[in-house]
Every structure is written in structure tokens, then in C-alpha cells.
Amino acid sequence: MKEKEIIRAEEYDIKKIRNIIWGIGGVITLLWFLIYVLPGIQRLTSYGYSVGNFVIFHLCVPFLPFLIIGLIFYLGSSKVDLIVTDKRVYGVAIFDRRVDLPFDMISAVSTSIFRGIAISTPSGVIKFIMIKNRDEIHKVISELLVKRQDNNLKKNISVVDSSISKADEIAKYKQLLDSKAITQEEYEKKKKELLK
């Protein structure tokens with residue numbers, strides 16, 4: 001039986017978000033330069049010191065964390081992809097981690113930060129981030145998990161019902177045996193038939 005794709009993740013423009021992070025870093029670096037570095041340069045030049053290294057250092061210090069955060073964010077989430085079918089969830093999680101999870105292996109699903117989906121399995125939690133249609137995907141996976149649980153419950157109930165009905169039948173034949181309505185051979189024969 002061929003699997004049917006139900007929903008696919010729509011991703012954000014990660015380059016745009018990376019550039020916003022770098023832009024915020026640039027603005028903070030400019031403010032840092034105007035408020036702290038520029039007055040320091042004036043004091044250093046008045047004492048006759050060279051200011052080249054001072055300027056480079058104080059321009060790099062505030063911008064460097066934003067540069068690193070932007071790169072990590074971009075490299076970690078630029079390849080994220082998530083596909084949900086009627087049988088499994090598969091794709092590429094953060095930091096290029098390829099996953100293929102049959103629904104029998106999924107124990108729970110939740111939303112997470114950065115517009116993400118977190119899928120719990122017996123071996124840990126797998127996260128997919130920066131998904132535009134996160135809420136729709138969460139709803140689909142939740143519904144499929146509930147459907148699987150209902151199917152398993154129905155199977156278990158039918159097994160219990162059949163074993164209870166067999167036990168009832170055997171008890172009825174035992175009563176017939178005790179009341180001498182049937183022979184021991186007939187009782188054993190019916191019991192064997194029911195226990196198959």
C-alpha cells in the first residue's frame with residue numbers, strides 16, 4: 001500500500017532572518033562606536049596614542065556575537081524540511097540531521113521556539129524549526145497519533161472481548177457437564193475448539 005503525503009513544511013526565508021540578525025548587530029555596533037569608542041578615540045589622540053587597533057577591537061567586540069549567532073542560525077536551519085505522510089514523518093531536522101520516523105515510533109508531538117515542531121521518540125526529541133505552517137503540521141500529527149491510538153485500543157478491546165466470550169462459552173459447557181447434560185468427551189471437544 002502506497003503512502004500518501006498529507007502535509008509538507010513551508011519554510012521561512014532564512015537568509016532574510018540571518019541578515020536581520022546581522023543588521024541588529026550592525027546598529028548596536030554603530031551605537032557602541034558613537035557612544036563609547038568615539039569619545040575614547042578623542043582622549044587617546046589627545047595623549048598621542050595610535051587608535052587603529054583600539055577602533056578595530058571595539059568594532060569587532062559588539063558585532064562578533066551577532067555574526068556568530070547569524071551564521072549558526074543560518075547553517076542550523078537552512079536545510080530544515082518536514083514531510084508528514086499517513087505512515088511516517090521524515091525530513092531534515094536542525095543541523096542537517098536526516099530523520100525517518102514511522103508513527104509507531106512517535107510518542108508525542110509539541111510546538112517549540114523558533115516556530116518549531118518537537119517530535120518525541122523513545123530515543124529522544126527531534127526538532128524542526130522555522131516552519132511557517134507549524135500549527136497545521138502539529139494538528140495533523142496529533143490527529144494521526146490519536147487515530148493510531150484508537151486503532152490499537154480497538155484491537156485490544158476485540159482481543160479481550162473474544163477471550164471473554166470464549167471463557168464464557170467454556171463456563172457454559174462446564175455447567176452443562178456438571179448438570180450431566182453433556183459428556184466429558186463432548187466438553188473436552190468443545191473446549192479444544194474454543195481455545196484454538
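Predicted model: local features only at pLDDT ≥ 70, side-chain atom pairs only at ≥ 80, totals over all residues.

Two strands are taken to pair if DSSP finds at least two bridges between them.

**Strand pairing**

- Strands β5 and β6 run antiparallel and are joined by five bridges.
- Serine 112 has glycine 116, in β6, as its bridge partner.
- Strand β6 (residues 116–121) also pairs with strand β7 (residues 124–128), in the antiparallel sense and over five bridges.
- Alanine 118 stands opposite lysine 127, which belongs to β7.

**Helix packing**

- Helix α1 (residues 14–46) packs with helix α2 (residues 52–77) at an angle of about 170 degrees, and their axes are 8 Å apart.
- Angles over 145 degrees count as roughly antiparallel, and α1 and α2 are therefore roughly antiparallel to each other.
- The contact of α1 with α2 comprises 23 nonpolar, seven polar and two charged residues.

**Helix α3**

- Lysine 172 is located in helix α3 (residues 134–178) and is partly exposed, at a relative accessible area of 47%.
- Between lysine 172 and tyrosine 187, the separation is 15 residues in sequence and 9.9 Å in space, C-alpha to C-alpha.

**Aromatic pairs**

- The structure contains two aromatic pairs.
- Tryptophan 32 and tyrosine 36 form a tilted pair, with 4.8 Å centre to centre and 40 degrees between the planes.
- Both tryptophan 32 and tyrosine 36 lie in helix α1, four residues apart, which is about one turn of the helix.
- Tryptophan 32 is partly exposed, with a relative accessible area of 33%; tyrosine 36 is likewise partly exposed, with 39%.
- Phenylalanine 73 and phenylalanine 114 form an edge-to-face pair, with 5.9 Å centre to centre and 65 degrees between the planes.
- This pair links distant parts of the chain, 41 residues apart: phenylalanine 73 is in helix α2 and phenylalanine 114 is in the loop between β5 and β6.
- Phenylalanine 73 counts as buried at 13% relative accessibility, whereas phenylalanine 114 counts as partly exposed at 49%.

**Charges over rings**

- Arginine 18 lies over the face of tyrosine 74, at 4.8 Å from the ring centre.
- Arginine 88 places its charged end over the ring of tyrosine 90, 4.0 Å from the centre of that ring.

Conventions
Residues numbered from 1 in each chain as written. Heavy atoms only, no water. Axes fitted to C-alpha atoms, helices over the stretch in contact; angles between N-to-C directions. Helix = DSSP H or I, 4+ residues; strand = E, 2+ residues; numbered from the N terminus. Parallel < 35°, antiparallel > 145°, perpendicular 65-115°, else oblique. Nonpolar A, V, L, I, M, F, W, Y, C, P; charged D, E, K, R; others polar. Buried < 20%, exposed > 50% of the residue type's maximum accessible area, 1.4 Å probe, protein only. Phe/Tyr/Trp six-rings, centres within 6.5 Å; stacked < 30°, edge-to-face > 60°. Lys NZ or Arg CZ within 6 Å of the ring centre and 35° of its normal.
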